[in-house]
Amino acid sequence: MFDWSKEEEKSFYLNNIERIASNLEVIDGAKDTIDKLRQDGHEIYIISGRNNGEYSDPFIITKDWLHKHHISYDQLILTNAYFEHEKTEVCLKNNIQILIDDSVRTCLDAKQHHITTLLMDCLLYTSDAADE
């Protein structure tokens with residue numbers, strides 16, 4: 001979009017990822033769904049692919065974000081997003097039967113190991129786009 005080289009793009013990403021991640025909003029309906037699942041007796045494991053060397057302290061950044069947005073969970077586990085099988089391994093090790101993720105490759109990998117997967121697809125609209 002900005003006619004950046006791969007190096008410029010990577011530099012921008014690495015210099016801004018923590019700020020961006022810390023300021024993300026909760027996807028509409030996500031907190032209510034998590035609250036309902038917990039209320040129904042389900043355990044909530046947050047498995048994040050942030051343990052990939054791009055964050056100074058991915059556990060604290062993620063934990064603080066979850067706390068800031070009052071997201072209730074039983075366990076926070078960090079994986080490396082660049083290893084597509086790592087979330088599947090976490091599910092198998094912890095007997096997690098359903099995985100909700102935004103990565104097609106992660107969902108396909110988990111599905112191959114008989115884990116029910118739900119691919120989360122989130123479209124973001126500006127108020128102008130929503131009015132059209």
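This is a predicted model: local features need pLDDT of at least 70, side-chain atom pairs count only at pLDDT 80 or more; totals for chains, interfaces and linings use all residues.
Residues are numbered from 1 along each chain as its sequence is written, and side-chain values use heavy atoms, with hydrogens and water left out.

The side chain of Lys31 meets that of Asp35 in a salt bridge, 2.6 Å from N to O. A salt bridge here is a side-chain nitrogen of Lys or Arg within 4 Å of a carboxyl oxygen of Asp or Glu. Lys31 and Asp35 sit four residues apart in helix α2, so about one helical turn separates them. Helices (H or I, at least four residues) and strands (E, at least two) are DSSP runs, numbered from the N terminus. Asp35 is partly exposed too, with a relative accessible area of 28%.

## Other salt bridges

The whole structure holds five salt bridges. One of them joins the side chains of Lys36 and Asp40, at 2.9 Å from N to O. Lys36 is partly exposed at 43% relative accessibility. Asp40 is partly exposed at 45%.

Arg38 forms a salt bridge with Asp74, and their closest N and O atoms are 3.5 Å apart. Arg38 lies in helix α2 and Asp74 in the loop between α3 and β2 (75-78), so the pair ties together parts that are 36 residues apart in sequence. Both ends are partly exposed: Arg38 has 29% relative accessibility, and Asp74 has 39%. Side chains of opposite charge can pair when their charged atoms come close.

Trp4 and Phe12 make a tilted pair, 5.2 Å centre to centre with 50 degrees between the planes. Rings of Phe, Tyr and Trp (its six-membered ring) pair if their centres lie within 6.5 Å; planes under 30 degrees apart are stacked, over 60 edge-to-face, and the rest tilted. Ring pairs link Phe2, Trp4 and Phe12 into a cluster. Trp4 is partly exposed at 37%, and Phe12 is partly exposed at 41%.

Leu24 is in the loop between α1 (6-22) and α2 (30-39). Leu24 is partly exposed at 41%.

## Two buried sites

Asp101 lies in strand β3 (residues 98-101). Asp101 is buried, at 5% relative accessibility. Its side chain makes a polar contact of 2.6 Å with that of Lys87. A polar contact is a pair of N or O atoms within 3.5 Å; within protein, one must be able to donate a hydrogen and the other to accept it, and residues adjacent in sequence count only if both atoms are side-chain atoms. Beyond neighbours within four places in sequence, Asp101 is in contact (heavy atoms within 4.5 Å) with Lys87, Thr106, Cys107, Leu118, Leu119 and Met120.

Gly49 is in the loop between β1 (45-48) and α3 (58-68). Gly49 is buried at 14%. Residues up to four places away aside, Gly49 touches Thr79, Asn80, Ala81 and Lys87.

Terms used: Buried means under 20% relative accessible area, exposed over 50%, partly exposed in between (1.4 Å probe, protein chains only).
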